[in-house]
Amino acid sequence: MDNINILWADDEIDLLKPHVLFLEEKGYKVSTANSGNDAIDMLQKLKYDLIFLDENMPGLSGLETLSKIKNLHADIPVVMVTKSEEESIMEDAIGSKIADYLIKPVNPNQLLLSIKKNLDKKRLISEKTNSAYQQDFRNISMQLSDNLSFAEWCEVHRKLVFWELELEKLRDNGMVEVLNMQKREANSQFCKFIEKNYLSWVNGTSKETPVLSHTLINKKIIPSLTEPSPLFLVVIDNLRFDQWKAIQPLLSEYFKLDNEELYYSILPTATQYARNALFAGLMPSQIEKLFPRLWLNDDDEGGKNMHEEELLAEQLKRVGKNIKFSYTKVTHITAGKKLPDSIANMMQYKLNVIVYNFVDMLSHARTEMDVIRELADEEPAYRSLTVSWFEHSPLFEALKIIAEKKGRVIITTDHGTVQVKEPSKIIGDRNVNSNLRYKQGKSLDYNKKDVFEVRNPADAFLPKNNVSTSYVFAKEDKYFVYPNNYAQFVNYYKNTFQHGGISMEEILIPYIVLSPK
C-alpha cells in the first residue's frame with residue numbers, strides 16, 4: 001500500500017476531508033482535485049492507481065472527465081461517486097467502463113472496500129482460490145483412497161479440471177505443481193480402476209456399467225429424437241473435457257446448457273476404434289464380423305473411418321429408428337467453409353451428424369510442426385490454441401446459425417488425449433502398429449507395470465489379426481518407444497499429445513446437451 005496513489009476529483013472535496021484522512025491513515029496516498037479539468041491536468045503529470053470521480057461536477061462533468069481519463073489511461077480503475085440513483089446515469093457510467101460506483105453520502109468503509117476490490121482483487125482472489133483448493137485437495141485425496149464407482153471417477157475428473165482452470169488464471173506455479181502431483185496420483189489410481197473393471201463392462205458381467213462409446217447413441221442420442229425440433233450431433237474428434245470447458249463461454253451467449261456429463265471411451269482410445277464403435281453401436285470385433293467390408297485393421301491400407309454414415313444407418317435401423325438423417329464430415333478447411341451455408345438445408349432432418357476433425361489434427365500438428373510445438377508446449381497453451389481455433393472456426397459460425405434457427409445441439413467426442421512424459425520400451429516385429437499409446441501384435445515384449453495387457457483380444461471385443469495377437473495399452477502419461485534410436489524418439493515425442501491408452505484425459509470425455517436461447 002505504500003506506493004498506491006489515489007486521485008479524488010470532487011467539486012466539494014473540502015467536505016470530504018475526513019474521508020481523505022481516513023484513507024491516508026490506512027496507508028494510501030490521496031491527491032485531490034476540485035474539477036474535472038484539474039483532474040486531467042494532474043493525470044497528465046502522474047499516473048494514479050485508482051481514481052474516485054464525482055459524477056455531478058460543474059464544467060467538465062463526471063462522464064466527460066471519465067471519457068478523457070480513459071483516453072489517457074484506459075487501464076486505470078475509475079470509481080464513480082454520484083448523488084443520483086437514476087438508472088440512465090448508472091448505465092452511462094457502466095457503459096463507459098467504470099470499475100465501480102458509490103452512492104453519496106459515502107462512508108469510509110465503502111471507500112476502503114472499493115479500493116480493495118479493485119487494487120487487491122488479484123491478491124484476494126488468489127488467496128481465496130488457493131485456500132479453497134487446499135481444502136478440496138484434502139477431499140480429493142480422501143476420495144482417491146476409496147473404492148470409487150465409475151460415476152465418482154467422473155466427479156473426481158470434473159473437480160481436477162475445475163481447479164486446473166481456476167489455478168491457471170492465478171499463474172501460481174507452486175499450487176499448479178501441487179495440482180499436477182494430485183492429477184498424477186489420480187491417473188495412477190484410475191488406471192488400476194480400468195484394469196479391474198473394463199473387461200467386465202464390455203462383456204456385460206458387471207452389475208453397473210457406464211455409458212461407453214458403443215452404447216452412447218442408443219442410450220443418449222436416440223431418446224433425444226422424440227422432440228420435434230431438429231437435433232445436431234456434433235462430434236469434435238479428440239475433444240477433452242478441459243477443452244470443452246475452455247470453449248463453453250463462447251457458446252453460452254447462444255445456448256443454454258441443459259446437461260453436461262462425462263462418458264467412457266472404449267479401448268483403444270483411438271479414432272479408428274472409438275468412433276466406429278460410437279456410430280455402429282457395436283464393439284470393433286462385432287463390426288468386423290457383421291460388416292467385414294466396413295472394417296479395416298491397423299495393418300490394412302486405406303482410411304479407417306470411411307463408413308461411419310453407413311454404420312450409423314445400420315444402427316438406427318437395428319433399433320427401429322427408420323429416420324432420414326444428414327451426415328457431414330469436416331476434415332479440411334474447404335469442407336469447413338461450406339458448413340455454415342449447409343445448416344438451412346439440414347433443418348429438414350430429424351438428426352444431423354457433424355463430425356469435425358480439427359482438434360485431432362491440432363494434436364498431430366502439435367507433434368509434427370515446430371511452430372505448433374512452441375505455441376502449445378503445455379496444457380494451458382494447448383487449451384488456448386483450441387479456443388482460438390474454435391472462436392474463428394466455421395463450426396462456431398454454424399453453431400450460431402443453428403441457435404438462431406432454434407435447433408438443438410449435442411456436442412461430444414470419441415476420445416480425449418494426454419500429454420505424454422514417460423517413455424516405456426517395447427519390442428515387436430515390423431507388423432506392430434505405430435500408435436504410441438497402444439500396440440497390437442504378436443510376440444510383444446514390454447514393461448508389464450507400464451501397461452494394461454489384453455492377451456486375448458476377444459475378451460475386449462477387439463479384432464485379432466493373428467492367432468497370437470495381443471494388445472497393450474500405455475497407462476498414465478507413458479508412451480511406447482522402440483530400443484532402436486531410443487534417445488532420438490524419446491526427445492521427439494516427449495510432451496506431445498497422444499491418444500490410444502488409459503488416462504482420465506483420454507477415457508472420460510464430454511457429452512454436452514445445448515438448447516437455443
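Colleague: How do the residues of the lining of the largest cavity divide by class?
Modeller: They divide into 4 nonpolar, 1 polar and 5 charged. In this scheme Ala, Val, Leu, Ile, Met, Phe, Trp, Tyr, Cys and Pro count as nonpolar, Asp, Glu, Lys and Arg as charged, and the others, Gly among them, as polar. This is a predicted model, in which local features need pLDDT of at least 70 and side-chain atom pairs count only at pLDDT 80 or more, whereas totals for chains, interfaces and linings use all residues. Residues are numbered from 1 along each chain as its sequence is written, and side-chain values use heavy atoms, with hydrogens and water left out.

Colleague: Which residues line the largest cavity?
Modeller: The lining consists of H157, L160, V161, E164, K183, R240, F241, D242, M504 and E505. On a 1 Å grid over the protein atoms alone, a cavity is a set of points where a 1.4 Å probe fits but cannot get out; a pocket is an open set with protein on both sides within 12 Å along at least five of seven lines; and lining residues have an atom within 4 Å of a point. The elements that contribute two or more residues to this lining are α7 (150-170), α10 (241-251) and α20 (504-507). Helix α7 gives the most, with 4 residues. Helices (H or I, at least four residues) and strands (E, at least two) are DSSP runs, numbered from the N terminus.

Colleague: How much space lies in the largest cavity?
Modeller: About 80 Å³. Grid points are joined across faces, edges and corners, and the volume is the space filled by probe spheres set on the points. The count comes to 1 cavity of 30 Å³ or more.

Colleague: And what volume does the largest pocket have?
Modeller: The largest pocket has a volume of about 760 Å³. It is lined by 26 residues, of which E164, V176, N180, E379 and P380 are the closest to its centre. Two or more lining residues come from each of α7, α8, α17 (379-391) and β11 (418-419), and α8 supplies the largest share, 8 residues. By class, the pocket lining has 6 nonpolar, 5 polar and 15 charged residues.

Colleague: E164 came up in both linings. Is E164 buried or exposed?
Modeller: E164, in helix α7, counts as buried because its relative accessibility is 10%. Buried means under 20% relative accessible area, exposed over 50%, and partly exposed in between (1.4 Å probe, protein chains only). Neighbours within four places in sequence aside, E164 is in contact with L179, K183, E379 and R383; contact means heavy atoms within 4.5 Å.

Colleague: Where is D172 found, and what does D172 touch?
Modeller: D172 is in the loop between α7 and α8 (173-202). Not counting residues up to four places away in sequence, D172 touches N130 and L167. The C-alpha atoms of D172 and N130 are separated by 8.9 Å, although the two residues are 42 residues apart along the chain. D172 is classed as partly exposed because its relative accessible area is 23%.

Colleague: Changing topic: which residues of the largest nonpolar core touch the most other members?
Modeller: They are W153, I194, Y198, Y264, L399 and I411, in a core of 81 residues. A nonpolar core is a set of buried Ala, Val, Leu, Ile, Met, Phe, Trp, Tyr and Cys residues joined through side-chain atoms within 4.5 Å. A second, separate core of 23 residues includes I217, Y327, V353 and V355.

Colleague: What does L399 touch?
Modeller: Leaving out residues up to four places away in sequence, L399 touches V234, L251, F255, F390, V409 and I411.

Colleague: Which way do the residues of strand β17 point?
Modeller: In β17 (residues 478-481), K478 and F480 point one way and Y479 and V481 the other way, and all are buried. Strand β12 (residues 422-427) runs parallel to β17 and is joined to it by 4 bridges; two strands pair if DSSP finds at least two bridges between them. P423 stands opposite Y479.

Colleague: Which peptide bonds are cis?
Modeller: Among them are K104 to P105 and L267 to P268, each with omega near -5°. P105 lies in the loop between β5 (100-103) and α5 (108-119), and P268 in the loop between β7 (255-264) and α11 (271-280).
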